[in-house]
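Dear colleague,

I am handing over the structure we spoke about, and I would be glad if you could look through it alongside the notes in this message.

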Amino acid sequence: MSTLPTPVPGLTGLKVLVLGGTGVISSAVVRRAVEVGHDVTVLNRGRSHAEAVHTPPAQVRTLQADLRDPAAVRAALGAEEFDVVASFFCFVPAHVRAELELFSGRTGQYLFISSASAYQTPPLRLPVTEATPLRNPYWQYSRDKIACEDLLVSAYRETGFPATIVRPSHTYDPTAVPFDGGWTVVERMRRGVPVVVPGDGTSLWTLTHNSDFARAFVGLFGRAATIGGAFHITSDEALAWNEIYRTVGAAAGVEPVLVHVPSDTIAAADPALGASLLGDKAHSMVFDNSAVRSIVPGWRAVVPFAQGAREIVAWHDADPSRRAVDARLDALFDRLVSRFAA
């Protein structure tokens, strides 16, 4: 099967502002927006230690301001207006309130990055659609995103604020190992040390390459039919966690030894890991992308995770400094393995 990007129809030549622009998702969006002919400005603090793969193309104008300082943002933007504002830097309602004040009346479309973890957790029906209720009792991050969405929906209903809500699921690029523990897990594989897999490893998980996400996301730019609506953008490939671990192991040249540990046990041992695990990764998540395809005909995700895993390993292997091991998590994994290894 070809993995060449599928051309997707869309408007070109729009004046686009990206708030952030140097993250795993936002950097891919910036590159794609430039590629299809938009006039792109990014606004951030300018102090990011972004990897080269996240650096905006030369054609992009960069403005510097602390996004948590509305006065500084106003000073940086002046009286400029934009066809599209894409916000990657709102995590709590206070952030949304500030951006509503900043951009009301000065953009034709405001795209808010929410999270697919906002959906009912665990989901009572698969696949997940945009009609799936929003409720996550396990993870504060997700509840905050829901509250942000509520503010934007109210603003659209009350004033016509042109909000479009987009919910990514687990989106990655070569810099992002898809495991809690990051590269530490891959190093354990290569050392022949067992790795911890939450649950029994059979729940299904959806991993989306950032380039696939960006093609659909940029395809939403300027689309009046999206205003007031919500869309998730994910791959259609859902893999069991056992397969995800083995796929990364194969890319790293090893057959990993898997030890299954109940998710509740992991959460009790490390509450920080447990929040995102119980609030997201512990449950099967399979998505129906019909809604976004109705706006961006011809779009589909084309990068299989087997290819993505090879990119991840190659990027980390290219520079030893990227292969950092978290000693605390390594020790935690050792303790869990000692309890649950057969």
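Below is what was found in it, taken by topic.

Please keep in mind throughout that this is a predicted model.

I begin with the helix packing. Helix α7, which covers residues 241–251, packs against helix α11, residues 305–317, at an angle of about 50°, and their axes are 8 Å apart. Since an angle is called roughly parallel under 35 degrees and roughly perpendicular from 65 to 115, α7 and α11 are therefore oblique to each other, and their crossing is right-handed. On the α7 side the residues that meet the partner helix are Ile244, Thr247, Val248 and Ala251, while α11 contributes Phe305, Ala306, Ala309, Arg310 and Val313. Sorted by class, the residues of this contact comprise seven nonpolar, one polar and one charged.

Pro70, Val73, Arg74 and Leu77 make the contact from α2, with Ala98, Glu101, Leu102 and Phe103 on the side of α3; six of the residues in the contact of α2 with α3 are nonpolar, none is polar and two are charged.

Turning to the aromatic residues, the structure holds 10 aromatic pairs. One of them involves tyrosine 172 and phenylalanine 305, whose ring centres are 5.5 Å apart and whose planes stand at 80°, so the pair is edge-to-face. Because tyrosine 172 belongs to strand β7 (residues 170–172) and phenylalanine 305 to helix α11, the pair ties together parts that are 133 residues apart in sequence. Tyrosine 172 is buried, at a relative accessible area of 1%, and phenylalanine 305, with 0% relative accessibility, is buried as well. Phenylalanine 305 is also one of the α11 residues that meet α7.

Another pair consists of phenylalanine 179 and tyrosine 245, with ring centres 4.1 Å apart and planes at 20°, so the pair is stacked. This pair again links distant parts of the chain, as phenylalanine 179 sits in the loop between β7 and α5 (183–191) and tyrosine 245 in helix α7, 66 residues apart. Elsewhere, Phe88, Phe213, Phe217 and Phe221 form one aromatic cluster.

For the backbone, two cis peptide bonds deserve a mention. One joins threonine 121 and proline 122, with omega about -5°, and another joins leucine 126 and proline 127, with omega about 0°. Proline 122 lies in the loop between β5 (110–113) and α4 (140–159), and proline 127 is likewise found in the loop between β5 and α4.

Finally, which residues is threonine 234 in contact with, once its neighbours within four places in sequence are left aside? They are Ser169, Thr206, Thr208, Phe287, Asn289, Trp299 and Ala301. Threonine 234 has its place in the loop between β10 (230–233) and β11 (238–240), and, at 0% relative accessibility, threonine 234 counts as buried.

With kind regards

Conventions. Residues are numbered from 1 along each chain as its sequence is written. This is a predicted model: local features need pLDDT of at least 70, side-chain atom pairs count only at pLDDT 80 or more; totals for chains, interfaces and linings use all residues. Side-chain values use heavy atoms; hydrogens and water are left out. Axes are lines fitted to C-alpha atoms, for helices over the stretch in contact, and angles run from 0 to 180 degrees between N-to-C directions. Helices (H or I, at least four residues) and strands (E, at least two) are DSSP runs, numbered from the N terminus. Angles under 35 degrees count as roughly parallel, over 145 as roughly antiparallel, 65 to 115 as roughly perpendicular and the rest as oblique. A crossing is left-handed if the near helix is turned anticlockwise from the far one by less than a right angle, and right-handed if clockwise. Contact means heavy atoms within 4.5 Å. Ala, Val, Leu, Ile, Met, Phe, Trp, Tyr, Cys and Pro count as nonpolar, Asp, Glu, Lys and Arg as charged, and the others, Gly among them, as polar. Rings of Phe, Tyr and Trp (its six-membered ring) pair if their centres lie within 6.5 Å; planes under 30 degrees apart count as stacked, over 60 as edge-to-face and the rest as tilted. Buried means under 20% relative accessible area, exposed over 50%, partly exposed in between (1.4 Å probe, protein chains only).
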